[in-house]
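Visitor: I'd like to walk through a structure with you, a step at a time. Could you show it to me?

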Amino acid sequence: MNNQTISAASSHLVQPALSRQSVARVQDITKTYHMGELAMQVLHGISLDFYLGDYISIMGPSGCGKSTLMNILGCLDQPTSGRYFLGDKDTSKMNDNELSAIRGARLGFIFQSYNLIPQLTVLENIELPLFYQGHPEHQSRQIATELAARVGLGDRLQHRPFELSGGQQQRVAIARALSNDPLVILADEPTGNLDSKSGAEILNLFDELHQQGKTLIMVTHSDELAERSQRQIRLRDGRVESDDQHH
Amino acid sequence: MAGWNLMTNIIKHPRLLSVLQRITVHVQPAYWTRFKKTAEVGIKSIHAHGLRSLLTVLGIVIGVAAVISMLAVSEGASFEAQQQFRALGSNNIIVKSVKPASLEASSSNSGRPQAIAYGLTYEDILTIQETIPGISNVIPSRIIKKDVRHLGRDVSTDVVGTTVDYPASRNYSLRSGRFFSEEEMLGQRNVAVISDEVARALFPMTDPLGESIRMDGNYYNIVGVMEPEAYSNLGRSQAGSSNAAPTRIFIPLSAARYRFGETLVRQASSGVEMETVELHEAIIQVQDQEQVEAVGQIIEQILERRHRRVDYAVEVPLALIRQAEESALRDQIVAGAIAGISLLVGGIGIMNIMLASVTERTREIGIRRALGARKKNIVQQFLIEAVILSGVGGLIGVAIGILIPVIISIFWGMTTIVTVTAPLLAFSISALIGVVFGIYPSVRAANMDPVEALRHA
Ligand SMILES: Nc1ncnc2c1ncn2[C@@H]1O[C@H](COP(=O)(O)OP(=O)(O)OP(=O)(O)O)[C@@H](O)[C@H]1O
Ligand SMILES: [Mg+2]
């Protein structure tokens, strides 16, 4: 079932010029943190449009607001001002329940530190988004099994996260991010904790996902990694410094 | 730990799950699946901290076990007491002769033997019977300690001289033969009905019916053998009897008077002691149970007027039954208080561990929230966990609480009664404790900011 939607999405890719369909759009968003009396503005009016099937990397020096932006894109946090459309939905005025629902339905997360749940097996971790979507059990089991095989962990279904290497854990996380067939996959420094070989494996998986038409937004510190994406956005001090697209 | 594993395995047991599944066929399947999964996760994380979880629920375990076993012991004691008092007859009032302490001292001072007189008299009984309306029967008895022989054997017994209604008044029945009759009473005949213990002591091989026994040189013909007394400790006479098993012989009161007289001679340490007691005991039967306690008070007043000393005692079994009931109620209140305290302590333990669990699993909460869990889901997850903890604690407590009374019964021979309500009540309260003390940690978990939670180490 998952493969069908992926191939459907792939057909869009064949004619990119015709289908520059926006999946996520931020309009002049700002974010200010208040620490007691002190107010610290981290994002100073960012406007970006992300299109279906794009593979985007976000770069910039430490503390420039990359993770802050990713949290907003991931509906984990809300901007202080500005608007954020995810697909056709304006998330700016959503309450906690609606944000939870949209995260579960439209977003996939890949974190630097994998963030698997230690007491659950590989399979159960991959199923988790479907569980909160209320999928029937046998169906989510099937999807999770297929995805585990796809990231090369078909023989590790009943393992616990601590029984896996870092690279394997991150692959479980990728499978989990794919399980709900999200509109956008968000990855904040996905290879930050990995050696270059495991990191390369992850990036190869990203390339595959991109070829299958998935929309990927990745934060990275490495120019080399960013080269593999088709669009590089640089932030500096909470502003977009540059936005290069090439195919 | 092993016990804990067993418990969690029981919960995870597929049959239990399938039973639960069958119970909830009418619940929406998706909802049930989610509940089951959430419960599974709860069990897993409890399992992951086995020892800690076990220590946490110890308060609940002890509370529940203590309540059930305390109630069982108190219920058993109350039942036993009520049975004993009921055996005395709830329509009966028992009046007894009691040797006053003052007499004991003066008699030993005097140089030559002197008969001391005390206790109930025929006059007393007659007055009671004539003054108080509503008395259906009075069964007086004399109780004398005698050695009884048959062939080479002898046994020390309480010889009870009484009237024909004695067995009926105390619900005693005969194992074989009959009680002595009215004619034998009038004729002061030497007939005897022996207790089961006497029968076993004197006639281990043969049927005692028709045989003769000897007391003080006189022979008595055995006409009946009593059934062993089920509840004998309070039923047996206190006047001149030891606390041994009730080896008793019943003979007509008339014969007892005629053969033994009213003055008993006893060899005491200070020399020969003589006592004159007309009657040792009288059972007064009241027609209407409602009137028993009132009649008891009137009897007290009559005896108080007629006696210079308090050389008598009035026992009202019905009042004793009531006292037993009251003391059972008191025990229940105490058990309830202990239950309350230990369950409160148990609840605080659960809250404590749940708060620790929430802090420990902050990151997990963040992950779940990122993956689409609503606050409600997080609350449910931790609440289910708290309820499972306290519920399992409750189950262990129920098991131990049912076991302890059994052990008490086996090793101390006490009657214990585990009612159906006690374990049910204790268990439901323990589950409720899980909910009550799980709410705060669960809500706290749900209200965490997802971004903050994900940043947590
Ligand atoms: N909850 C918060 N409260 C206050 N300040 C915050 C908070 N979160 C982030 N900041 C600040 O906002 C700024 C941007 O943080 P952010 O995590 O977005 O940076 P980043 O670009 O992801 O950096 P890095 O490359 O090191 O991950 C930092 O100065 C940080 O201290
Ligand atoms: Mg960052």
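**Talking through the two chains**

Guide: This is a predicted model, and in it chain A has eight helices and ten strands.

Visitor: OK, and how many helices and strands does chain B have?
Guide: Chain B has 16 helices and 13 strands.

Visitor: Back to chain A, what does it span along its principal axes?
Guide: The C-alpha trace of chain A spans about 50 × 45 × 35 Å along those axes. Its radius of gyration is 18 Å, which agrees with the value near 18 Å that a compact globule of 247 residues would have.

Visitor: What share of each chain counts as buried?
Guide: In chain A, 54% of the 247 residues count as buried, and in chain B, with its 457 residues, buried residues make up 48%.

Visitor: Which residues touch the most other members in the largest nonpolar core?
Guide: That core has 74 residues, and the ones touching the most other members are F50(A), I58(A), L73(A) and I217(A). The element that gives the most to this core is helix α14 of chain B, residues 375-412, which contributes nine residues.

Visitor: Let's look at I58(A), what is it in contact with?
Guide: If we leave aside the neighbours within four places in sequence, I58(A) is in contact with K66(A), L69(A) and M70(A), with the run I217(A), M218(A), V219(A) and T220(A), and also with I233(A) and L235(A).

Visitor: New topic: where is D54(A), and is it buried or exposed?
Guide: D54(A) sits in the loop of chain A between β2 (38-51) and β3 (55-59). Its relative accessibility is 5%, so it counts as buried, the cut-off for that being under 20%.

Visitor: What does D54(A) touch, then?
Guide: Not counting residues up to four places away in sequence, D54(A) touches R20(A), H210(A), K214(A), T215(A), L216(A), Q230(A) and R231(A).

Visitor: How many charged side chains does chain A have overall?
Guide: Chain A has 22 positive and 29 negative side chains, and the centres of these two sets lie 2 Å apart.

Visitor: Over to chain B, where is A453(B)?
Guide: A453(B) is in helix α16 of chain B, residues 450-455, and because its relative accessibility is 2%, A453(B) counts as buried. Apart from neighbours within four places in sequence, A453(B) is in contact with T362(B), R363(B), G366(B) and M448(B). The C-alpha atoms of A453(B) and I367(B) are separated by 8.0 Å, although the two residues are 86 residues apart along the chain.

Visitor: And A319(B), which helix is that in?
Guide: A319(B) lies in helix α12 of chain B, residues 317-360. With 21% relative accessibility, A319(B) counts as partly exposed, since buried would mean under 20%.

Terms used
Residues numbered from 1 in each chain as written. Chains lettered and ligands numbered in written order. Predicted model: local features only at pLDDT ≥ 70, side-chain atom pairs only at ≥ 80, totals over all residues. Heavy atoms only, no water. Helix = DSSP H or I, 4+ residues; strand = E, 2+ residues; numbered from the N terminus. Rg over C-alpha atoms; globule rule 2.2 N^0.38 Å. Buried < 20%, exposed > 50% of the residue type's maximum accessible area, 1.4 Å probe, protein only. Lys, Arg positive; Asp, Glu negative; His and termini not counted. Charge placed at Lys NZ, Arg CZ, Asp CG, Glu CD. Core = buried A, V, L, I, M, F, W, Y, C linked by side-chain atoms within 4.5 Å. Contact = heavy atoms within 4.5 Å.
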